[in-house]
Amino acid sequence: MKKIKAILFGSIGTLVETSDIQRESFNDAFKLTGLNWNWDEEEYRKLLKKSGGANRIKEYGDKQNIVIDGKKIRDLKTKIFNEYLNKNSLQPRDGVIDIIKFTKKNGLKLGFVSSTTKNNINSIFNTLKKTINKKEFHFIGNNEMVLREKPFPDIYNYSLNYLKIDASECFAIEDTEESLKSAIAANIKCIAFPGKYHLENKFKGSYKKVNKLSIDLFN
């Protein structure tokens, strides 16, 4: 294998499992806006096939003939989600710390190629501050850097330019099929590391699909 120069974690879910926290944050937002909705695990798994929280909410409302301001509820959900993360400490997913140590030991660049908001990113690093130092990352993306978010490749292309590396010189790690498409479109080999609600997905086109990260993936 060609010597790699960087490992790029993708979405939030590659660092920490927050699926149920996000689901409960949606449910709390529904209650606060007077909606008698409750997304259980089975329902949420189906809804995740639709990209974007605001779109998900609007489509769910359309099916019930209810006019919904999806963005307003999504923003409230995000506020609840971030408040939880800022008050609680979560543990990284299996193998994440090993990969970070591996990059430091071998002089590799470490990226977090997310196209979510700065608030979400800050909250994630805050909840992980006991185990992961934000300063260890050579690149941290956000939605303000690009016009098109994932599954478009824009944020990956941006990271390659920023880190001054070619697509063939790195690996990406993604937890959903939508985000996998972003890495593949940028011609980056991508390891599928499915989150809780994506375990059954095939992740077509991924370099490998794993349940735990290991440095053996890069040797």
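**Close-up 1. Helix α4 meets helix α6 in this predicted model.** On the α4 side, the residues that meet α6 are T78, F81, N82, L85 and N86. Their partners in α6 are N119, N120, S123, I124, N126 and T127. Sorted by class, this contact of α4 with α6 holds three nonpolar and eight polar residues, with no charged residues. The axes of α4 and α6, the latter spanning residues 118-127, come within 8 Å and cross at roughly 25°. Because angles under 35 degrees count as roughly parallel, α4 is described as roughly parallel to α6. The crossing of α4 and α6 is left-handed.

**Close-up 2. Helix α1 packs on helix α4.** Here the angle between α1 and α4 is about 125°, and their axes lie 8 Å apart. α1 and α4 are therefore oblique to each other, and their crossing is right-handed. From α1, the contact draws on I21, Q22, S25, F26, D28, A29, F30 and L32. From α4, I73, L76, K77, I80, F81 and Y84 take part. If you sort the residues of this contact of α1 with α4 by class, you get 10 nonpolar, two polar and two charged.

**Close-up 3. Q22 and its surroundings.** Look for Q22 in helix α1, which covers residues 19-32. The side chains of Q22 and K77 are joined by a polar contact of 2.6 Å. Setting aside neighbours within four places in sequence, Q22 is in contact with Y44, K77 and F81. For a sense of scale, the C-alpha atoms of Q22 and S114 are 17 Å apart in space, while the two residues are 92 residues apart in sequence.

**Close-up 4. Helices α3 and α4 cross at roughly 125°.** Helix α3 runs over residues 53-63 and helix α4 over residues 70-87, and their axes come within 8 Å. At that angle, α3 is oblique to α4. The crossing of α3 and α4 is right-handed. G53, A54 and I57 of α3 make the contact together with G70, K71, I73 and R74 of α4. The contact of α3 with α4 contains three nonpolar, two polar and two charged residues.

**Close-up 5. A salt bridge between E41 and K196.** In this pair, the closest N and O atoms are 3.2 Å apart. E41 lies in helix α2 (residues 41-47) and K196 in the loop between β5 (189-192) and β6 (208-209), so the pair ties together parts that are 155 residues apart in sequence. A search of the whole structure finds 15 salt bridges.

**Close-up 6. S206 in the loop between β5 and β6.** Follow the side chain of S206 to the backbone oxygen of F203, which is reached at 2.9 Å. Beyond neighbours within four places in sequence, the residues in contact with S206 are L180, I184, C190 and A192.

**Close-up 7. Two backbone details in loops.** Most residues other than glycine have a negative phi, and most peptide bonds are trans. With that in mind, look at N65 in the loop between α3 and α4. The phi of N65 is near 55°, a positive value in a residue other than glycine. Then turn to P151, found in the loop between β3 (139-140) and α7 (154-163). The peptide bond that joins K150 and P151 is cis, with omega about 20°.

Notes. Residues are numbered from 1 along each chain as its sequence is written. This is a predicted model: local features need pLDDT of at least 70, side-chain atom pairs count only at pLDDT 80 or more; totals for chains, interfaces and linings use all residues. Side-chain values use heavy atoms; hydrogens and water are left out. Axes are lines fitted to C-alpha atoms, for helices over the stretch in contact, and angles run from 0 to 180 degrees between N-to-C directions. Helices (H or I, at least four residues) and strands (E, at least two) are DSSP runs, numbered from the N terminus. Angles under 35 degrees count as roughly parallel, over 145 as roughly antiparallel, 65 to 115 as roughly perpendicular and the rest as oblique. A crossing is left-handed if the near helix is turned anticlockwise from the far one by less than a right angle, and right-handed if clockwise. Contact means heavy atoms within 4.5 Å. Ala, Val, Leu, Ile, Met, Phe, Trp, Tyr, Cys and Pro count as nonpolar, Asp, Glu, Lys and Arg as charged, and the others, Gly among them, as polar. A polar contact is a pair of N or O atoms within 3.5 Å; within protein, one must be able to donate a hydrogen and the other to accept it, and residues adjacent in sequence count only if both atoms are side-chain atoms. A salt bridge is a side-chain nitrogen of Lys or Arg within 4 Å of a carboxyl oxygen of Asp or Glu.
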